[in-house]
Amino acid sequence: MNKHQGRHFLQIPGPTNVPERISLAMARAVVDHRGADFPELTLRIFGNLRKVFATESPVLMFPSSGTGASEAALVNTLSPGEKVLAFETGHFSTLWKDVAHKLDLEVVWVEGDWRRGIDPQLVEDRLRRDSGIAAVLAMHNETSTGATSDIAAVRGAMDACNHDALLLVDAVSSLACAPLPMDDWGIDVVISGSQKGLMLPPGLGFNAAGPKALDRARRSTSRNAYWNWQAMLDNNSRGYFPYTPATTLLYGLDEALAMLLEEDMENVFARHARHAGAARAAVAAWGLENVCVNEHEFSNSTTAILLPEGNDADQLRKIIHERFNMSLGTGLGKLKGRCFRIGHLGNFNDLMLAGTLSGVEMGLELTGVPHGKGGINAALEFLATASFPEGKQPLLFGR
Ligand SMILES: *Cc1c(COP(=O)(O)O)cnc(C)c1O
């Protein structure tokens, strides 16, 4: 098998496949980011970002990975010694908790089994017990498990006890994959990155900052310079940045936002829900188990699949990579070797899904993982029959 022929299937849950339209948009000379022409590009980007984040509030961008944006949200809105409430939904929530610790925040950590999203009842219970909590940190899509938390319900739980905490949401692997209407759901900060649903290469981190978060930011005593929102906002209002932005990625972002808005966000979400449903139809036919155990929390962007005890998921991934030139997501943290993950997000269509699932099914066969036949057929059947009539797209998670 010649690995250098044909295209590589990059089916990890981010970075995702970059469409040619975006690559070509980035193949341009770098310009003066303090020049007179620059704001024409950046002000259009800021306007379109607000549409994609579904907010009237400013969306700030940093030349950083998603982790940088997570740190930015914490250092701007909170002060050392303040208490935050965080939930162990999987690897990424654990990493965010660790960032909070390193910034001298006191983390109230609610342990979990890495198989479900945040329980809104626990949010309410903890907040009722502790009026001193300054922020709730919520993972929207836990990319390590494929479980999506019901953020509207988390907000509801906070409202039920009239708690004043901020709601900070990590949407790195759910922005432009699943609905997260920031203003409608009363989210104070949405954190994201460029390399997942936005279909760009890695390198941009985002903070969408609502009015209450901006107000807290004015009172924060955290030391920060690079991540400082105020300097960023002052410059952004004129279409500029306090330091050099990732100019080339901005060309790509401009194109990515145009593509998403042309497709219309409701259709983008429905497309993701449909592909996720088809991937799960294949998993069911294979007789394999989803890491996520709650059907209403199944992710639009990632399917994490457990292998039967005694099978090494990384060996399966290795064989699939060698034989079929496809990369699948590894099990992270305590799921290492136990599961593999399929990313079905970003620039993705029916045939890419069919190719991806074919590679998985052939890999299961090659490595002798016990499984049922007919996964591909089940997925194709799902694609042929599942439709979301106009205006009736799944609002929350879809199938
Ligand atoms: C990918 C991801 C991140 C971190 O992104 P980096 O760019 O690797 O720093 C954070 N949170 C979630 C949920 C992610 O999927």
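The model is predicted, so local features need pLDDT of at least 70 and side-chain atom pairs count only at pLDDT 80 or more, while totals for chains, interfaces and linings use all residues. Residues are numbered from 1 along each chain as its sequence is written, and side-chain values use heavy atoms, with hydrogens and water left out.

**Stop 1: the ligand**

Select the ligand and the residues around it, among them Ser65, Gly66, Thr67, Phe92, Asn141, Asp170 and Lys196.

Next, show the polar contacts (pairs of N or O atoms within 3.5 Å). A polar side-chain atom of Thr143 is 2.4 Å from an oxygen atom of the ligand. For Ser65, an N or O atom in the side chain lies 2.7 Å from a ligand oxygen atom. Gly66 uses a backbone N or O atom, at 2.8 Å from an oxygen atom of the ligand.

**Stop 2: H3 and H4**

Helices here are DSSP runs of H or I with at least four residues, numbered from the N terminus. Select H3 (residues 66–77) and H4 (residues 91–102), whose axes are 10 Å apart at an angle of about 45 degrees. Axes are lines fitted to C-alpha atoms over the stretch in contact, and angles run from 0 to 180 degrees between N-to-C directions. H3 and H4 are therefore oblique to each other. Angles under 35 degrees count as roughly parallel, over 145 as roughly antiparallel, 65 to 115 as roughly perpendicular and the rest as oblique.

In the contact (heavy atoms within 4.5 Å), Thr67, Ser70, Glu71 and Leu74 of H3 meet Trp96, Val99 and Ala100 of H4.

**Stop 3: H11 and H12**

Move to H11 (residues 313–324) and H12 (residues 350–367), which cross at roughly 115 degrees with axes that come within 9 Å. H11 and H12 are therefore roughly perpendicular. Residues of H11 in this contact include Leu316, Ile319 and Phe324, and those of H12 include Val360, Met362 and Leu366.

**Stop 4: H12 and H13**

Asp350, Leu353, Ala354, Leu357, Ser358 and Glu361 of H12 meet Gly375, Ile376, Ala379, Leu380 and Leu383 of H13.

Note on methods: Helix = DSSP H or I, 4+ residues; strand = E, 2+ residues; numbered from the N terminus. Near = heavy atom within 4 Å. Polar contact = N/O pair within 3.5 Å; in protein donor to acceptor, adjacent residues only side chain to side chain.
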